[in-house]
Amino acid sequence: MPKKYRDIAGDAGSDIVAQVVEQRQRVRSRMERVAHTVAVMSGKGGVGKSMLTANLATALAARGYAVGALDADLSGPCLARMLGAQGQSLRTGGEGVSPAVGVAGVKVMSVDLLLAGDEAPVVWDDLHGSAQNSSVWRGTMDVSALREFLSDTDWGELEFLFIDLPPGSHPFPTLVQLLPDLDGTIVVTIPSDISRLVVKKSVTMARESKTPLLGLVENMAGYHCLHCGVVGELFPSSTGGDTMAEDLGVPYLGQVPFDPRLCESTEGGLPFVLEHGDSPAGKALIEIANRIEQSLGVS
Amino acid sequence: MKFLCRKCDEGMKLVAAEGPEEGSMAVTFACPSCGNEVAMLTNPEETNLVRALGVQVGGRAGPSEPMAQVRATLSRQRAEAFVRDENGPIWTQEATERLERVPGFARDMAKKRYEDFAIQRGMSEITPQVMDEARELLGQ
């Protein structure tokens with residue numbers, strides 16, 4: 001019987017396995033200086049995941065914590081802009097690539113910092129231009145880019161590193177493969193039935209990865225009228241996010257009402273919690289940050 | 001992937017990795033017993049898959065540069081996205097005192113922007129004049 005794959009010791013000199021192991025070790029080494037890694041994921045897109053990430057990171061940084069924010073959404077990167085760090089250069093030195101610095105000192109890494117303009121999508125050039133349209137090439141490069149952002153950014157000592165994932169549940173296993181010791185995941189939804197339906201898949205994915213689920217956040221839970229100050233319903237027929245969390249067996253971190261000023265602050269690069277911390281939405285975001293601190297045993 | 005010499009029932013060893021040339025790599029394995037050689041020739045897709053993994057067949061001569069893959073393959077990069085700087089420009093006492101007047105929540109970010117401005121212009125020192133130039137140009 002001729003030898004099989006496992007009968008042949010070593011990797012025949014290709015060194016590929018050793019290099020892959022070294023890549024993973026590089027991520028692990030970098031994350032040793034990060035006390036808590038927190039993924040922020042959603043089911044559907046457009047639920048305010050990035051806004052939430054930017055504001056939670058800022059709220060915690062404003063308390064004096066060292067906080068980082070990694071924009072893992074390569075198709076729609078926006079964290080650098082939301083945190084006021086757009087356009088900064090990334091310095092390369094002996095310790096790696098220094099991240100951009102946003103409001104409240106939040107360290108930011110996003111592919112948006114590397115692109116030539118708002119109209120430039122993420123496209124990976126191959127050697128001969130033949131693979132740009134290959135899904136295998138694009139998919140593998142996306143994972144490699146995320147790995148390099150994790151391992152080669154000189155985050156320094158951080159108490160929290162938030163990772164803003166692309167919409168949907170499918171990117172999550174990739175992150176867990178790179179960060180098997182992920183400290184927690186926040187799942188974001190809005191009160192629409194479709195969003196709640198889809199977010200169940202994300203909860204299942206997070207649960208099956210055997211990484212801690214910090215809890216559910218319901219964004220756009222009501223509308224804060226700036227004229228009368230009342231928080232009214234935005235999705236009148238929906239049940240509460242707390243009920244949904246209970247049904248899913250997931251901790252409920254809280255709900256954030258929609259405030260029209262969220263868009264303005266988000267697009268202006270000054271996180272809402274800094275400018276409008278006393279508003280219903282601001283208070284809700286700060287309270288969610290409190291719960292994250294408590295959930296992770298920090299304070 | 002491993003190669004087996006069927007004649008000798010021995011695992012073959014890597015002897016050379018050449019290319020890529022016109023998108024193809026030639027990776028040669030030899031049997032340690034009989035010396036027979038086999039060359040695996042990759043097509044551009046296969047070559048790019050190896051490249052996308054961030055590995056080199058046969059090993060690297062030394063550690064890779066930070067974000068080597070992203071920097072080598074990301075199309076439409078901003079010219080000033082990456083700057084080489086080990087220590088950063090020096091802040092004069094006057095510039096430091098002026099920076100201290102920036103509100104706390106924005107100070108680190110402002111410091112980074114002034115340093116970026118100085119590095120991009122080859123300035124090794126940040127003075128109040130440099131800060132004025134930066135403010136005028138960047139509208140801060």
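Trainee: Which strands form the open sheet that is mixed in its pairing, and in what order?

Mentor: Strands of a sheet pair through backbone hydrogen bonds, either parallel or antiparallel. Two strands count as paired if DSSP finds at least two bridges between them, and strands (E, at least two residues) and helices (H or I, at least four) are DSSP runs numbered from the N terminus. Here three strands form an open sheet in the order β4(A)-β3(A)-β6(B), with mixed pairing. At its edges stand β4 (96–97) of chain A and β6 (82–84) of chain B, each with a single partner strand, so one side of each is left without a neighbour in the sheet. Strand β3 (residues 90–93) of chain A pairs with β4(A) in the antiparallel sense over two bridges, and Thr92(A) stands opposite Val97(A).

Trainee: How should I take the numbers and letters?

Mentor: This is a predicted model, where local features need pLDDT of at least 70 and side-chain atom pairs count only at pLDDT 80 or more, while totals for chains, interfaces and linings use all residues. Residues are numbered from 1 along each chain as its sequence is written, chains are lettered from A and ligands numbered from 1 in the order in which they are written, and side-chain values use heavy atoms, with hydrogens and water left out.

Trainee: Which helix lies across β3 of chain A and β6 of chain B?

Mentor: That is helix α4 (residues 104–120) of chain B, running at about 65° to β3(A). Such angles run from 0 to 180 degrees between N-to-C directions of axes, which are lines fitted to C-alpha atoms, for helices over the stretch in contact.

Trainee: What is the order of the antiparallel sheet in chain B?

Mentor: The order is β3-β4-β5, again an open sheet of three strands. The edge strands β3 (13–21) and β5 (37–41) each pair on one side only, and the twist averages 15° from one strand to the next. Six bridges link β3(B) and β4(B), with Lys13(B) partnered by Ala30(B). Five bridges join strand β4 (residues 24–30) of chain B to β5(B), where Ala30(B) stands opposite Glu37(B). The hairpin of β3(B) and β4(B) has two residues between the strands, and Glu22(B) takes a positive phi near 55° there.

Trainee: Which residues of helix α7 of chain A are buried?

Mentor: Buried means under 20% relative accessible area, exposed over 50%, and partly exposed in between (1.4 Å probe, protein chains only). In α7 (residues 241–248) of chain A, the buried ones are Gly241(A), Met244(A), Ala245(A) and Leu248(A). Seen down the helix axis, they fall within an arc of 100°, so they line one face of α7(A); the arc is that of the directions from the axis to the C-beta atoms. The face turned away carries the exposed Glu246(A) and Asp247(A). After α7(A) comes Gly249(A), with a positive phi near 70°.

Trainee: Is strand β1 of chain A mostly covered or exposed?

Mentor: Strand β1 (residues 34–42) of chain A is mostly covered, as eight of its nine residues are buried. It runs parallel to strand β7 (residues 158–164) of chain A, joined by six bridges, one of which partners Val40(A) with Asp164(A). Five bridges join β1(A) to β8(A), also in parallel, and Ala39(A) stands opposite Thr185(A) in β8(A).

Terms used: Contact = heavy atoms within 4.5 Å.
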